[in-house]
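I opened this entry to go through one structure and write down what I looked up. The notes follow the order in which I checked things.

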Amino acid sequence: MTFTLIKGTFRIIGASPDGDSIRFYPTDPKAFAKAGLSVRLNSRGGAQLRLEGIDALETHYRPQARGSEMWHQPAELANAASEALLRHLGFTAFERNDNGAVTASTPEEAPGHILTRFADKYGRAVAFAFPGQRPGRSTDGGEVHLDPKGLQASANHALLTAGLVYPTFYSKLFPDLRQSMAEAAIAARDAKQGVWAADATMEGLRVRSREQLQDEAVLLPKLFRRLADYLELEESGGASLSGFAEYLDTRDDRLFTVPDGHATELETLVEVRRQNIRLTVEPERIVFTEA
């Protein structure tokens, strides 16, 4: 259960961080290459992180269909997750423009470190993010063991505990860390914290309009993204779900459920009845196969 430790700083000016991604600038510009990770860097050496095990409500999502407009989920909860992430990582104040880009922050950069093992298909480092320096004498670029106790200091775990993000697990996440994160999510749901106070993912949602999906409905972001992708294919601009089940089947979102280990696809876990939609298995029991 070892990860590569990479030290550096978080910077947000000029970027649009949300509740599960942020820019990270390693102290060693070649840190990712030395670790054998295919992470894409910007011109200043910054990497986009994808925070492991969590999924925040979308603040800006562009569906796959050519020419699609940006979609978003309810702004209050989406922004709350983003703000909590930035504060956890050491930013005490920040300003954004109308497009959501940060124009000023205090401090301008926050020291921190990440633990990572791989990059996703978009070149983002999949990571646990921590404020400040790693306790002890861990070497930058070295291997570090992460257990459930150490996980609790991460931004990933903090956001789950606060109920501001959904658990969304992939197959490369170690089972003991996944279980710890699932327990944090379940506790937040039982307490109806954050997104769980209004969540309609399992209770079910009657879809009325695109505006409802963006401004009112609180849904598992992965399900929201699939709905947005599907609806952008509809030329009328409506919100009919008549072909959504068939569309989901074409996406081939492979997964298995825990603890039973049943291998299947997302389409089999989403119930669509006319305009009503719901997920039939708790999000923390779903483990997607990493593409």
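Entry 1: I am working from a predicted model.

**Entry 2: nonpolar cores.** I looked up the largest nonpolar core, which has 48 residues. Phe10, Ile22, Phe32, Leu49, Ile114 and Phe128 touch the most other members of this core. As general background, nonpolar side chains tend to be buried together in soluble globular proteins.

I took Phe128 for a contact list, leaving out residues up to four places away in sequence. Phe128 touches Phe3, Glu52, His113, Ile114, Leu115, Leu146, Leu151, Ser154, Asn156, Leu173, Leu177 and Met181.

**Entry 3: aromatic pairs.** How many aromatic pairs does a search of the whole structure find? I get nine. I wrote out two of them.

The ring centres of Phe3 and Phe174 are 5.6 Å apart and the planes stand at 90°, so I logged the pair as edge-to-face. Phe3 is in strand S1, while Phe174 is in the loop between strand S11 (169-170) and H5, so this pair ties together parts 171 residues apart in sequence. Phe3 and Phe174 are both buried.

For Phe244 and Tyr247 the centres are 6.4 Å apart and the planes are at 20°, so the pair is stacked. Phe244 and Tyr247 are three residues apart in helix H8, about one helical turn. I find Phe244 buried, and Tyr247 as well.

I also see that ring pairs link Phe3, Phe128 and Phe174 into a cluster. Next I checked for charges over rings. The charged end of Arg117 sits over the ring of Phe3, at 5.9 Å from the ring centre. Lys222 lies over the face of Phe288, 4.5 Å from the centre of that ring.

Entry 4

S13 runs antiparallel to strand S14 (residues 262-265), and four bridges join them. Phe256 stands opposite Ala263 in S14. The hairpin of S13 and S14 has four residues between the strands, and Gly261 has a positive phi near 70° in this hairpin. S13 also pairs with strand S17 (residues 286-288), antiparallel, over three bridges. Here Thr257 has Ile286 as its bridge partner in S17.

**Entry 5: Asp253.** I looked up Asp253 and found it in the loop between helix H8 (244-251) and strand S13 (254-257). Buried or exposed, for Asp253? Its relative accessibility is 10%; the cut-off for buried is under 20%, so Asp253 counts as buried. The side chain of Asp253 makes a polar contact with the side chain of Arg226, at 2.8 Å. Beyond its neighbours within four places in sequence, Asp253 is in contact with Lys222, Arg226, Thr264, Glu265, Leu266 and Phe288.

**Entry 6: other strand pairings.** I found an open sheet of three strands in the order S12-S16-S15, with antiparallel pairing. Strands S12 (205-206) and S15 (270-273) are at the edges with a single partner strand each, so one side of each has no neighbour in the sheet. S15 pairs with strand S16 (residues 276-279) over four bridges, and Arg273 has Asn276 in S16 as its bridge partner.

Strands S5 (residues 93-96) and S6 (residues 102-106) pair in the antiparallel sense over four bridges. Arg96 stands opposite Val102 in S6. The S5 and S6 hairpin has five residues between the strands, and Gly100 takes a positive phi near 90° there.

**Entry 7: Glu216.** Last, I placed Glu216 in the loop between helix H6 (210-215) and helix H7 (221-231). Glu216 and Ala75 are 141 residues apart in sequence, with a C-alpha to C-alpha distance of 9.1 Å. Not counting residues up to four places away in sequence, Glu216 touches Pro74, Arg208 and Glu211.

Notes: Residues numbered from 1 in each chain as written. Predicted model: local features only at pLDDT ≥ 70, side-chain atom pairs only at ≥ 80, totals over all residues. Heavy atoms only, no water. Pairing = 2+ DSSP bridges. Helix = DSSP H or I, 4+ residues; strand = E, 2+ residues; numbered from the N terminus. Buried < 20%, exposed > 50% of the residue type's maximum accessible area, 1.4 Å probe, protein only. Polar contact = N/O pair within 3.5 Å; in protein donor to acceptor, adjacent residues only side chain to side chain. Contact = heavy atoms within 4.5 Å. Core = buried A, V, L, I, M, F, W, Y, C linked by side-chain atoms within 4.5 Å. Phe/Tyr/Trp six-rings, centres within 6.5 Å; stacked < 30°, edge-to-face > 60°. Lys NZ or Arg CZ within 6 Å of the ring centre and 35° of its normal.
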